[in-house]
Amino acid sequence: MRAFTTFLRQKYEPIAVGGECVAYMTEVVRREPPTAWRDQLERPISPEEVHFAVREGAKNQASESDGIGLEFYKTNWATVKDDISTMMNQMFTERKVSTQQKHGLIVCLPKSSETTTPADFRPITLLKADYKILARIIANRLGPMMAEPLQQSQYCWVPGNTIFEAVATVREAIAPAEVKQAPLCVLSLDIQETFDKIPHQYLFAILRSHGFSNWFVEHIKGVYEEAVSSVQINGHIARSIPIRCSIKQGCPMI
């Protein structure tokens, strides 16, 4: 447990980011979004949004240490709907997200049959149901507007684009080249531990450069700042460690 905790503590330390590099990237993608964006993102969360987020959640998902999963909210919706709607607005609109709500439980899954060090395991963060409901509400608000700031050649998060179309695009480029015997280079890049190498400073700067308001970015920061997680090994939970970089695998916002 000590070995895993030490490894993950170092893994989630702040990542140094060059201010000039961030400034350059933000200038490249700087946009001015429609006013309707701000109205849609900053309005209070409605009970209908909460109910949709609860119903949209996958079944039989592992819950965090409190043991409360989405099934609890689905089964008891008539009883808890007012309270959960109030809580969502407190978490997002009023930025009252407690450290306990942002606490994640890290389970480490082996990447292969031969594991000798903590680096041979994939850390997956189990998140509390109320955190995931809020994240899904934010993601649902962002989804319809992603086609405008993102390129059509990007397939993740662009409405209407799927991974199948990405595969088809590659095949359509290769097939004519094979027929015409034309030179063609297909390059596949895979960034190691992508989720874990995202500096929060860069994440917030890019959001601003895409035209999201300071209000929205500050409220997203409220979900990330002072977040902590504890690793679970063989049923035992270690002391919490601060999460100062990365985005959690399993978070609906990604």
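Mentor: Let us begin with a cut-off, because a residue is called buried here when its relative accessible area is under 20%, and exposed when that area is over 50%. Please keep in mind throughout that this is a predicted model. With that cut-off, buried residues make up 40% of the 254 residues in the protein chain.

Trainee: What are the overall dimensions of the C-alpha trace, and how many helices and strands are there in the protein chain?

Mentor: The C-alpha trace spans about 65 × 50 × 40 Å along its principal axes, and the protein chain has ten helices and five strands. Among contacts with a separation of 6 or more, 68% join residues 24 or more positions apart.

Trainee: How should I read a nonpolar core, and which residues have the most contacts inside the largest one?

Mentor: The general idea is that in soluble globular proteins nonpolar side chains tend to be buried together. In this model the largest nonpolar core has 39 residues, and those with the most contacts inside it are Val50, Met88, Ile133, Phe212 and Met253. Several helices supply at least two residues each to this core, including α3 (35–42), α4 (47–56), α6 (77–92) and α10 (214–224), while the largest share, eight residues, comes from α7. A second, separate core of 13 residues includes Phe4, Leu8, Tyr12 and Ala227.

Trainee: If I click on Val50, which residues is it in contact with, leaving aside its neighbours within four places in sequence?

Mentor: With those neighbours left aside, Val50 is in contact with Ile45, Trp77, Ile84, Ser85, Met88, Ile133 and Ile137. Not counting residues up to four places away in sequence, Trp77 touches Pro47, Val50, His51, Val54 and Ile84. As a reference for distance across the model, Trp77 and Ala205 are 128 residues apart in sequence and 37 Å apart in space, C-alpha to C-alpha.

Trainee: How do I describe two helices that pack on one another?

Mentor: Two packed helices are described by the angle between their axes and the distance between the axes. For α6 and α7, the axes come within 10 Å and cross at roughly 70 degrees, which makes α6 roughly perpendicular to α7. In this contact Ile84, Met87, Met88, Met91 and Phe92 of α6 meet a set of α7 residues that includes Asp130, Ile133, Ile137 and Arg141. By class, the residues of the contact divide into ten nonpolar, no polar and two charged.

Trainee: For α2 and α9, at what angle do the axes cross, and is the crossing left-handed or right-handed?

Mentor: The axes of α2 (residues 19–28) and α9 come within 8 Å and cross at roughly 30 degrees, and the two helices are therefore roughly parallel to each other. Their crossing is right-handed. Val22, Met25 and Thr26 of α2 make the contact with Tyr202, Ala205, Ile206 and Ser209 of α9, and the contact has five nonpolar, two polar and no charged residues.

Trainee: Which residues of α9 are buried, and what covers them?

Mentor: The buried residues in α9 are His200, Phe204, Ala205, Ile206, Leu207 and Ser209, and what covers them includes α2 and α10. His200 counts as buried at 11% relative accessibility, and, residues up to four places away in sequence not being counted, His200 touches Tyr224, Ile243, Arg244, Cys245 and Ser246. After α9 comes Gly211, whose phi is positive, near 95 degrees.

Trainee: How many residues of α10 are buried, and which helices do they pack against?

Mentor: Helix α10 is mostly covered, with eight of its eleven residues buried, among them Phe216, His219, Lys221 and Tyr224. These buried residues of α10 pack against α3, α6, α7 and α9. Just after α10, Glu226 takes a positive phi of about 65 degrees.

Conventions. Residues numbered from 1 in each chain as written. Predicted model: local features only at pLDDT ≥ 70, side-chain atom pairs only at ≥ 80, totals over all residues. Heavy atoms only, no water. Core = buried A, V, L, I, M, F, W, Y, C linked by side-chain atoms within 4.5 Å. Buried < 20%, exposed > 50% of the residue type's maximum accessible area, 1.4 Å probe, protein only. Helix = DSSP H or I, 4+ residues; strand = E, 2+ residues; numbered from the N terminus. Contact = heavy atoms within 4.5 Å. Axes fitted to C-alpha atoms, helices over the stretch in contact; angles between N-to-C directions. Parallel < 35°, antiparallel > 145°, perpendicular 65-115°, else oblique. Left-handed = near helix turned anticlockwise from the far one by under 90°. Nonpolar A, V, L, I, M, F, W, Y, C, P; charged D, E, K, R; others polar.
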